[in-house]
Amino acid sequence: AEARAALAGMEERCRAVLLRLLALQAAWALAGGQVRYSVPEEAKAGTVVGRLAQDLGLEAGEAEARRLRLVAQGRRASVEVSGASGALLVSSRLDREELCGKSAPCALRLEVLLERPLRVFHVQLEVTDINDNAPVFPAARKNLSIAETTTPPGSRFPLEGASDADIGANAQLSYTLSPSEHFSLEVKSKDENKMSVVLVLTKSLDRETIPVHRLVLTATDGGRPSLTGTMELLISVLDANDNAPQFNQSVYKVHLLENTAPGTVFFQVTATDEDEGINREIYYSFSDTISAKIQELFKIDEKSGELWTAGEMDFEDIQSYDLEIEARDRGTPSLSGHCSVELKVLDVNDNAPEVRVTSLSVPVSEDASVGTVVALLSVSDRDSGENGRVRCWVWPALPFGLEATFAGSYSLVLREALDRERVSEYEVEVRAEDGGAPALRASRGLRLPVSDVNDNAPAFAQAVYTVLARENNAAGAELARLWARDPDEAGNGRVSYSLWEGGAGVGGGGAAPSSGWRAASSYVALDAESGRLWALQPLDYEQLQVLQFEVRAVDAGEPPLCGNATVQLFVLDENDNAPALLPPAGSAAEAGAVAAEAASALAGPGSGSGTLWAWAAWGAPAGQVLAKIRAVDADSGYNAWLRYELWEPRGKGPFRVGLYSGEVSTARPLDEADGPRHRLLIVVRDHGEPARSATATLSVSLLEPAEAALAAAAGSSAGSASASGSRSAAGLELGAAAASAATNVWLVVAICAVSSLFLLALVLYGASRWAPRAAVLSAPGPTTLVCASEVGSWSYSQRHSRSLCVADAAPKSDLMVFSPNFPPPPPGPAPKDSQPEPSALLH
């Protein structure tokens, strides 16, 4: 233990001696010079730079005990002294370029403070360079501008070189240029630290080929490994106006509809200029060779090159246009390019067909044959293709039609026979339609009059005409107007009239010609031009009832044609004869006188009166016939229809007279108070207007019954003889006038017939006044004829029913109707005094 203690003491003493020696050595070193260390830059933190405590001669633990440390300086140190070991350590990043820049060598002076005792040591720390910095150019991009035509090959353009923060071999730079056929690099050393870098143009530039050259300049240092830096060279080739504007086509083909509205943009031309700036600014215009008319029709936008229409085009005038267009830049000198726009105008269906009449042959004769050419036509359409293909037809399709002769020419021909009287003039349309879409149409109206030929004979409206004429008419009075229609025109339709044949028996009341035959021309005349029929003399119904004759109408054509009609002239009775009294039946000696008086009464008008005698027995019952007043009237119809009236004595007398029979009978039983003699005044009146009358005086004597019987027997015998003498002497129908029961039946039939005719006349008269009038007989002039039914005398009304025509001038006076003032008889036998005597009604 002692030995170990002695040994430990010995070791302690040896260590102390060694430390002293080291301290002495350090002190000597410090006294003789500085402590030097070297450390590469970018050394990691904690890297031991040197054992500072040992180098200062301090023993272990002494550095910490004596507080060995660096003295703080103005900038932050990147090294520090470890308190435990006393070693000098890297504390933070060491950047030589930051610490020393380009200075070499890079030595840092550090002051180390040793406390207890206080001592200061100087330490020199050299930071050695490593190749940690690449070459750096002043800018990442260098812009150069070089004119394309004014800069010749060999031109030099100095460049600023790169810099390297390292030193020595790490900072020795070399330069290279990216491959280029237009540029090369020239590098020269000015001195040790500087080099000259020059860009040399080796080939002429063309901006239109390569407007911008992009090169890369690379700088490489001499370190290991070497680092590089680059700079982009952006070389812009400045433009020169060495390119004219160019169109992508020299000829443009454009189609345009002819109906394109003005202001429509239909095309745009575009030219390019490879120059730039003002040298490539282009404006467009029409070439100087374009006519002013075309420049008025089309316009071009100076900037955009748009073409638009300024006017209206017409395919039918010009089908195509050649527009020469110039594009000029604004460079100096200005350059230009040219192109042509071939504009083809497309047809649209904007023209309707045109129909022209080249020849017209009118009027067309109505006897023209089928196939006759009436007109020649020319049809055209200014459009082309289907738009100009025309289809033609005529409307209406008949009687004319179209026939094509050759292209665009047609003939209007007759296809059916004509009849001028049916259609005197045709309005036809020649219609044309083209093949466009939509189709356009045109028409041309033609007026085709038809000329007349004499192919129609005059024709009366009816074969038989009935004319009514009142008797006692004035000579020259118009009876009717006859008119025959001839549908031809001019002379072919001008009609003349004449009496052809006919007449009537005269003197027998129209029943039989007792006094010979007289021609119609002795009674009536006919105007040849107007067809006016007038009377040559007054007519007498009692002499002439019917006059029948033929009328001929002849036109003035060549050859003339004619037509016929029959005229039946009925003479209408007037009340120009008063009733005539017949003497009572007497002895045979009186028969001649009775017949003569009856014939005289029938022969002419007049009124008469006479005294008649009758006998009645006292106590005769009521209704006993005492006498019969007989009278005749030479007129007919109403004018011969007689009525009997008792005028005296008026009031309630013992006698009465049958209204239409003329029988005088007792009104009541007779007695002695009535007196022996009575005078009766009897008036016989017809129904004419104005009425005519006759008067008769009947003297009635009242006798004893025996005397009255003898008187009646004598009167009856005398009456039979008188009647027989009358039939043999005058040939008249007076014997039939002796009243019998059978004649009363016929009288009723006659009255019914008259009433029926009256009603029919009223209906026809109303129709003639209010319905449209039928012009049975008509001719130019104011006279208008009206048809009615004949109501003639009793004898004619029972045997005939005819259509009558009278003029408007006397429609009322020429129409006769019956208007009896007694009611129709009841069925069965009628009283004697209510039925007229046949001798008073029938002529």
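**Strand by strand**

A: Let's begin with β9, which pairs with strand β12 (residues 195–201) in the antiparallel sense over four bridges. Strands here are DSSP runs of E with at least two residues, helices are runs of H or I with at least four, and both are numbered from the N terminus. Two strands count as paired if DSSP finds at least two bridges between them. This is a predicted model, in which local features need pLDDT of at least 70 and side-chain atom pairs count only at pLDDT 80 or more, while totals for chains, interfaces and linings use all residues. Residues are numbered from 1 along each chain as its sequence is written, and side-chain values use heavy atoms, with hydrogens and water left out.

Now look at individual partners. Phe 157 has Leu 199 of β12 as its bridge partner, and Pro 158 stands opposite Val 198 in β12. In general, strands of a sheet pair through backbone hydrogen bonds, either parallel or antiparallel.

Both strands belong to an open sheet of three, in the order β9-β12-β11, with antiparallel pairing. β9 (156–159) and β11 (183–189) are at the edges with a single partner strand each, so one side of each has no neighbour in the sheet. From one strand to the next, the twist averages 25°; such angles run from 0 to 180 degrees between N-to-C directions, along axes that are lines fitted to C-alpha atoms, for helices over the stretch in contact.

β9 also has two faces. Phe 157 and Leu 159 form its covered face, while Arg 156 and Pro 158 form the uncovered one. In a regular strand, side chains alternate between the two faces of the sheet.

Let's step back to the whole chain. The protein chain has 10 helices and 52 strands. Of its 843 residues, 43% are buried, where buried means under 20% relative accessible area, exposed over 50%, and partly exposed in between (1.4 Å probe, protein chains only).

In the largest nonpolar core, which has 28 residues, Leu 52, Leu 68 and Leu 88 touch the most other members. Such a core is a set of buried Ala, Val, Leu, Ile, Met, Phe, Trp, Tyr and Cys residues joined through side-chain atoms within 4.5 Å. β6 gives this core its largest share, five residues. Leaving aside neighbours within four places in sequence, Leu 88 is in contact (heavy atoms within 4.5 Å) with residues including Tyr 37, Leu 52, Leu 110 and Val 123. In soluble globular proteins, nonpolar side chains tend to be buried together.

Thr 566, in strand β41 (residues 562–572), is buried, with a relative accessible area of 13%. Among its contacts beyond four places in sequence are Tyr 465 and Phe 549. Glu 306, in strand β21 (residues 306–309), is partly exposed, with a relative accessible area of 30%. Glu 306 and Phe 267 are 39 residues apart in sequence, but 5.9 Å apart in space, C-alpha to C-alpha.
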